[in-house]
Amino acid sequence: MTGAAKVELILATLDALYPAPPIPLRHDDPYTLLVAVVLSAQCTDLRVNQVTPALFARAGTPAQMAALPVETIQALIRPCGLAPQKARAIRGLSQLLLDRHQGQVPRTLAELEALPGVGHKTAQVVVAQAFGEPAFPVDTHIHRLAWRWGLSAGKNVLQTERDLKRLFPPDRWNRLHLQFIYFGREHCPARGHDPHRCPLCSQVGRKELFTT
Ligand code: SF4
């Protein structure tokens with residue numbers, strides 16, 4: 001199977017399975033999305049979605065969040081894990097949004113990555129999902145899928161991101177990012193699965209798909 005045919009097969013299969021994949025983290029605006037993505041580090045989206053309603057009821061804007069003591073934020077987000085670091089980051093980034101950006105979430109990766117607790121992947125999720133800019137955030141799950149499907153031999157998420165951006169057109173990146181996530185969760189676990197039941201590999205055979 002040629003690389004182009006494989007890309008077409010993956011696009012068609014993911015579009016058939018997930019024609020309009022929803023953004024998994026509940027949010028009301030770019031600021032609440034940013035906070036939710038920070039909370040999602042090493043935590044499930046489900047858990048984040050359980051925690052954010054109470055957090056945002058208390059503080060749904062940078063000004064309200066920056067006015068809370070770190071200990072209060074920490075208590076509200078404790079179920080997400082890494083609460084001390086995340087609480088400091090959320091309060092710190094809220095203060096910086098007020099100081100540098102008139103309380104608005106900036107739209108560039110460089111400005112976002114300058115905020116505490118905001119790495120490259122988080123910044124890409126925010127530009128893609130809050131502002132509709134083309135981005136392809138790669139986490140360990142997408143990294144695994146790209147490797148399994150022979151799309152990238154990247155040794156880290158940055159190399160995989162570069163390869164995926166080269167293979168797929170920019171106007172598909174945002175949707176593909178979500179489609180990869182949903183497919184990985186539903187069909188392509190890290191361990192233990194039946195390849196014959198897989199909606200992708202069962203079409204062409206596993207070896208065929210895996211060969212670059
Ligand atoms: S068989 Fe399907 S589920 Fe398994 S690695 Fe391939 S794509 Fe993923």
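**Figure legends: overall fold, domains, core and ligand shell**

**View 1. The whole chain.** The secondary structure of this protein comes to 13 helices and 0 strands, as given by a predicted model. Followed along the sequence, the elements form the pattern α-α-α-α-α-α-α-α-α-α-α-α-α. The radius of gyration is 19 Å, close to the 17 Å that the globule rule gives for 212 residues, so the protein is as compact as a globular protein of that length. Taken along the principal axes, the box that the C-alpha atoms fill is roughly 55 × 30 × 30 Å. Of the 212 residues, 34% count as buried, and among contacts between residues at least 6 apart in sequence, 57% join residues at least 24 apart.

View 2. The protein is divided into domain 1, which takes in 3–21 + 136–210, and domain 2, which takes in 30–131. The C-alpha centres of domain 1 and domain 2 lie 28 Å apart, and the contact takes 5 residues from domain 1 and 4 residues from domain 2. On the side of domain 1 that touches domain 2, the residues divide into 2 nonpolar, 2 polar and 1 charged.

**View 3. The largest nonpolar core.** This core has 47 residues, and those with the most contacts inside it are Leu 34, Val 38, Ile 90 and Val 126. Among the elements that give two or more residues to the core are helix 1 (3–17), helix 2 (30–39), helix 6 (83–101), helix 8 (120–131) and helix 11 (170–186), while helix 2 gives the most, with 8 residues. Because domain 1 (3–21 + 136–210) and domain 2 (30–131) both give residues to this core, it lies between them. In soluble globular proteins, nonpolar side chains tend to be buried together.

**View 4. Close-up on Leu 34.** Leu 34 is one of the residues with the most contacts inside the largest nonpolar core. When its neighbours within four places in sequence are left aside, Leu 34 is in contact with Val 105 and Val 126; of these partners, Val 126 is also listed among the residues with the most contacts inside the core.

**View 5. The shell around the ligand.** The ligand is surrounded by 9 residues, the closest of which are Arg 148, Cys 188, Pro 195, Cys 198 and Cys 201. Sorted by class, this shell has 5 nonpolar, 2 polar and 2 charged residues.

How values were computed
Residues are numbered from 1 along each chain as its sequence is written. This is a predicted model: local features need pLDDT of at least 70, side-chain atom pairs count only at pLDDT 80 or more; totals for chains, interfaces and linings use all residues. A residue is near a molecule or strand if its C-beta atom, placed from the backbone, lies within 6 Å of it. Ala, Val, Leu, Ile, Met, Phe, Trp, Tyr, Cys and Pro count as nonpolar, Asp, Glu, Lys and Arg as charged, and the others, Gly among them, as polar. A nonpolar core is a set of buried Ala, Val, Leu, Ile, Met, Phe, Trp, Tyr and Cys residues joined through C-beta atoms within 7 Å. A residue is buried if 20 or more other C-beta atoms lie within 10 Å of its own, exposed if 12 or fewer, and partly exposed in between; C-beta atoms are placed from the backbone. Helices (H or I, at least four residues) and strands (E, at least two) are DSSP runs, numbered from the N terminus. Domain bounds come from an automatic or database domain assignment. Two residues are in contact if their C-beta atoms, placed from the backbone, lie within 7 Å. The radius of gyration is taken over C-alpha atoms; the globule rule is 2.2 Å times the number of residues to the power 0.38.
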